[in-house]
Amino acid sequence: MVSINLDKCIEQLYRCEILPETTVKQLCDKLKEILIYESNVQNIASPVTVVGDVHGQFFDLLELFRVGGRPPDTNYLFLGDFVDRGHYSVETISLLVSLKLRYPKRIHLLRGNHESRQITQVYGFYGECMRKYGNANVWRHFTELFDYLSIAAIIDNKVFAVHGGLSPAVVSVDQIRVLDRFREIPPDGPLADLMWSDPDPDRDGFSISQRGAGYTFGSSVVAKFLHYNGLQHILRAHQLCMDGYQVLFNDQLSTIWSAPNYCYRCGNVASILEINENLDRYFNTFCAAPDSEKKAPSHDTA
């Protein structure tokens, strides 16, 4: 395999220029070699900055790095949903993969419900790959890579992080550690629940979710999970928050949303969550990147 000049790839991607198809394949193959040895549940040390959904809003990702610091100056934990909805999913996931390869101990990527073949065929990533490359190969390389992403993380043995939420089939974190993650996200079961579930402050226990996958869960579910596993707090993404974040259940759970003006029309603020060595949490909010710093989405093929 020809060696990859990661610094050159990162420099090109920061200019919002897509990489050649052959380079994307090399990046994905190389990262799979690293991810296959990573646990389903990553152990991460503070300080770390936690990022919610970014959904292909590339210029807002650059704004996020301006606010929080560019890697490797800041340690990042991304909670998934890198692609779909926004106009620049290819550039967004290409940059994050390149940064993970360049700084593997500084960047951690978890899987979200949009990191799947089925969802990306409906919500934009597949079509974007076809427009920008003229075929589905790049989409295939990335969706195969998604199967390798970790499911959850624990910060300093005290803070549990996951894309969606909890599952009635998961009482212990150890049950997550033994799941088979190297596959497409199934329609139901614990892996699907962790990607799809949402907290509900108005209903206790588990209830069927209106999303058609996963569950809603209430305060008692969170309290039991934290107590059983010796944890203090749950971090998750997955839900639009107009203020960029939401804290529920007597400060036991936080939702982080990192795509400002979601879908370029929602008008919401975004946030990143900065966690220091004392596990103090600070939500650093930011707005969408100025229009002057964005370029019009291209529909040309590479």
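Predicted model: local features only at pLDDT ≥ 70, side-chain atom pairs only at ≥ 80, totals over all residues.
Me: Why is Ile234 counted as buried?
Reply: Its relative accessibility is 1%. Buried means under 20%. Ile234 therefore counts as buried.

Me: Where does Ile234 lie, and what does it touch?
Reply: Ile234 sits in strand E10, residues 233–236. Leaving out residues up to four places away in sequence, Ile234 touches Phe160, Leu166, Val222, Phe225, Leu226, Gln252, Leu253 and Ser254. Leu253 is 19 residues apart from Ile234 along the chain, yet their C-alpha atoms are separated by 4.6 Å.

Me: Which residues meet where H2 and H4 touch?
Reply: H2 brings Leu27, Lys30, Leu31, Ile34 and Leu35; H4 brings Val97, Ser98, Lys100 and Leu101. Six of the residues in this contact are nonpolar, one is polar and two are charged.

Me: What makes up the largest nonpolar core?
Reply: This core has 49 residues. Among those with the most contacts inside it are Leu64, Phe82, Leu95 and Phe125. Helix H4, residues 89–102, gives the largest share, seven residues. Another core, of 28 residues, lies apart from it and includes Leu166, Val173, Phe217 and Leu253.

Me: Which residues does Phe125 contact beyond four places in sequence?
Reply: Its contacts include Val83, Asp84, Ile93, Trp139, Phe142 and Phe146.

Technical notes
Residues numbered from 1 in each chain as written. Heavy atoms only, no water. Core = buried A, V, L, I, M, F, W, Y, C linked by side-chain atoms within 4.5 Å. Buried < 20%, exposed > 50% of the residue type's maximum accessible area, 1.4 Å probe, protein only. Helix = DSSP H or I, 4+ residues; strand = E, 2+ residues; numbered from the N terminus. Contact = heavy atoms within 4.5 Å. Nonpolar A, V, L, I, M, F, W, Y, C, P; charged D, E, K, R; others polar.
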